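Open the model in your viewer and keep the selection panel at hand. The tour goes stop by stop: select, look, move on.

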Amino acid sequence: MLMAGFDSLLSWVYVGMLVFAVVAFVLAALAREDAYRAADKQTKKFWLIILGVTVLVDFFLGMLFLMIAGLVATIVFMVDVRPALQRVGGGGGPRRRGSSSDGPYGPYNGNR
């Protein structure tokens with residue numbers, strides 16, 4: 001009974017690793033190519049290959065050593081590369097462009 005619970009937990013961990021890798025891959029694909037150069041990181045192609053292989057290994061192979069190596073690469077992308085891409089303005093994901101009272105030339109102050 002204890003082993004069945006452990007196997008169930010382990011399968012959820014595998015699914016979590018796969019979802020994490022897919023999210024990182026999508027975010028890497030959404031970022032602009034020039035943002036990688038501006039942030040002084042590896043190229044977009046490099047990260048797409050690394051994260052793509054990670055997704056394939058997590059989904060098809062299930063080899064624990066390769067899955068852990070892919071998890072490390074995914075964590076490096078999410079913790080180091082993605083914030084650097086967002087700082088230079090080329091990161092994928094939602095962009096916030098100011099408050100709802102901003103007009104086309106800046107904030108609206110109500111004729112003050």
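**Stop 1: Lys41.** Select Lys41 to begin. This is a predicted model. Lys41 is partly exposed, with a relative accessible area of 27%. The side chains of Lys41 and Asp80 meet in a salt bridge, 3.0 Å from N to O. Asp80 sits in helix α4, while Lys41 belongs to the loop between α2 and α3, so the pair ties together parts that are 39 residues apart in sequence. Asp80 is partly exposed too, at 37% relative accessibility.

**Stop 2: the whole chain.** Zoom out and colour by secondary structure. Four helices and two strands make up the list of elements. Read from the N terminus, the order is α-α-α-α-β-β. How much of the chain is buried? Buried residues are 27% of the 112 residues. Next, consider contacts with a separation of 6 or more: 63% of them join residues 24 or more positions apart.

Stop 3: How many salt bridges does the structure hold? There are three, and the Asp80–Lys41 pair is one of them. Select Asp34 and Arg32 for another. Their closest N and O atoms are 3.0 Å apart. Asp34 is partly exposed, with a relative accessible area of 35%. Arg32 is partly exposed as well, at 39%.

Then select Glu33 and Arg37. Their side chains form a salt bridge at 3.7 Å, N to O. Both residues are in helix α2, four residues apart, and about one helical turn separates them. Glu33 is partly exposed at 33% relative accessibility. Arg37, at 54%, counts as exposed.

**Stop 4: the largest nonpolar core.** Hide the surface. Select Tyr36, Trp47, Leu51, Phe77, Val81 and Leu85. Among the 14 residues of the largest nonpolar core, these six touch the most other members. Which elements give two or more residues to this core? They are α1 (2-30), α2 (33-38), α3 (44-61) and α4 (64-87). The largest share, five residues, comes from α4.

Stay on Tyr36 and show its contacts. Residues up to four places away in sequence are left out of the list. Tyr36 touches Trp47, Phe77, Val81 and Leu85, and its other partners include Ala28 and Ala31. Further along the chain, Tyr36 also touches Lys41, Gln42, Thr43 and Lys44.

**Stop 5: Thr54.** Move to helix α3 and select Thr54. Thr54 is buried, at 6% relative accessibility. Beyond its neighbours within four places in sequence, Thr54 is in contact with Ala21, Gly70, Leu71 and Thr74.

**Stop 6: Asp58.** Stay in α3 and select Asp58. What does Asp58 touch instead? Apart from residues up to four places away in sequence, its contacts are Met17, Leu18, Ala21 and Met67.

**Stop 7: a nonpolar patch.** Bring the surface back. Select Leu56, Phe59, Phe60, Leu61, Met63, Phe65 and Leu66. Together these residues form a nonpolar patch on the surface, with about 810 Å² of accessible area. Helices α3 and α4 are the elements that give two or more residues to the patch. The most comes from α3, with four residues. Click on Leu56 in α3 to finish. Leu56 is partly exposed, with a relative accessible area of 47%.

Terms used: Residues numbered from 1 in each chain as written. Predicted model: local features only at pLDDT ≥ 70, side-chain atom pairs only at ≥ 80, totals over all residues. Heavy atoms only, no water. Core = buried A, V, L, I, M, F, W, Y, C linked by side-chain atoms within 4.5 Å. Buried < 20%, exposed > 50% of the residue type's maximum accessible area, 1.4 Å probe, protein only. Contact = heavy atoms within 4.5 Å. Salt bridge = Lys/Arg side-chain N within 4 Å of Asp/Glu carboxyl O. Patch = residues over 30% accessible without salt bridge, like charges linked within 9 Å, V, L, I, M, F, W, Y side chains within 5 Å. Areas by Shrake-Rupley, 256 points an atom, 1.4 Å probe, with all protein chains shown as cover.
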